[in-house]
Amino acid sequence: MGIVFSYIVKIFTYWGNYATISTYFRVRMMTMNLNQLEYFCAAVRYGNITQAAKKLFVTQPTISGAIRELEREFSVSLFSHTRNKLVLSEDGQRFYERAELLLREVETAKMKDTKIKTTRNTEQS
């Protein structure tokens, strides 16, 4: 949690200064999870929640709920909802850019961890 926490604080600082954000996360114990970010980013990439749900093999309410929880947790509207089309709000665009960055960082960390484990196993053999 420590590594992810530091990335999240660093990435989501546009809502306020560092002290405010770090205090917010310590008090709230951060309920946001990576699935929520993945669902949100997929909805942005595919342009609608139904397509994102199909591509991720989850239900549409799962995607909608994840987005709603992110909006509630960060007190921001991520989308301007129009008929059958999702349009990112200004805050949503900034959030999307940072969420993508965070997901890439997590994936990089996973790959490095796998490489370290593989190296250790090879050395022990």
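Two aromatic rings of Phe, Tyr or Trp count as a pair if their centres lie within 6.5 Å. Keep that in mind as you look at this model, which is a predicted one.

**The aromatic cluster**

With that cut-off, Phe-40, Phe-74, Phe-79, Phe-95 and Tyr-96 form one aromatic cluster. The structure holds four aromatic pairs. Let's zoom in on Phe-40 and Phe-95: their ring centres sit 5.3 Å apart and their planes are at 80 degrees, so this pair is edge-to-face, since planes over 60 degrees apart get that label. The two partners come from distant parts of the chain, 55 residues apart. And are they buried or exposed? Both Phe-40 and Phe-95 are buried.

| Ring | Helix | Helix residues |
| Phe-40 | α3 | 34-46 |
| Phe-95 | α6 | 90-124 |

**Where α3 meets α4**

As for handedness, α3 passes α4 in a right-handed crossing.

Now for the residues that touch. On the α3 side you'll find Glu-38, Tyr-39, Ala-42, Ala-43 and Tyr-46, and they meet Ile-49, Gln-51, Ala-52, Lys-55 and Leu-56 of α4. Sorted by class, this contact has seven nonpolar residues, one polar residue and two charged ones.

Methods. Residues are numbered from 1 along each chain as its sequence is written. This is a predicted model: local features need pLDDT of at least 70, side-chain atom pairs count only at pLDDT 80 or more; totals for chains, interfaces and linings use all residues. Side-chain values use heavy atoms; hydrogens and water are left out. Rings of Phe, Tyr and Trp (its six-membered ring) pair if their centres lie within 6.5 Å; planes under 30 degrees apart count as stacked, over 60 as edge-to-face and the rest as tilted. Helices (H or I, at least four residues) and strands (E, at least two) are DSSP runs, numbered from the N terminus. Buried means under 20% relative accessible area, exposed over 50%, partly exposed in between (1.4 Å probe, protein chains only). A crossing is left-handed if the near helix is turned anticlockwise from the far one by less than a right angle, and right-handed if clockwise. Contact means heavy atoms within 4.5 Å. Ala, Val, Leu, Ile, Met, Phe, Trp, Tyr, Cys and Pro count as nonpolar, Asp, Glu, Lys and Arg as charged, and the others, Gly among them, as polar.
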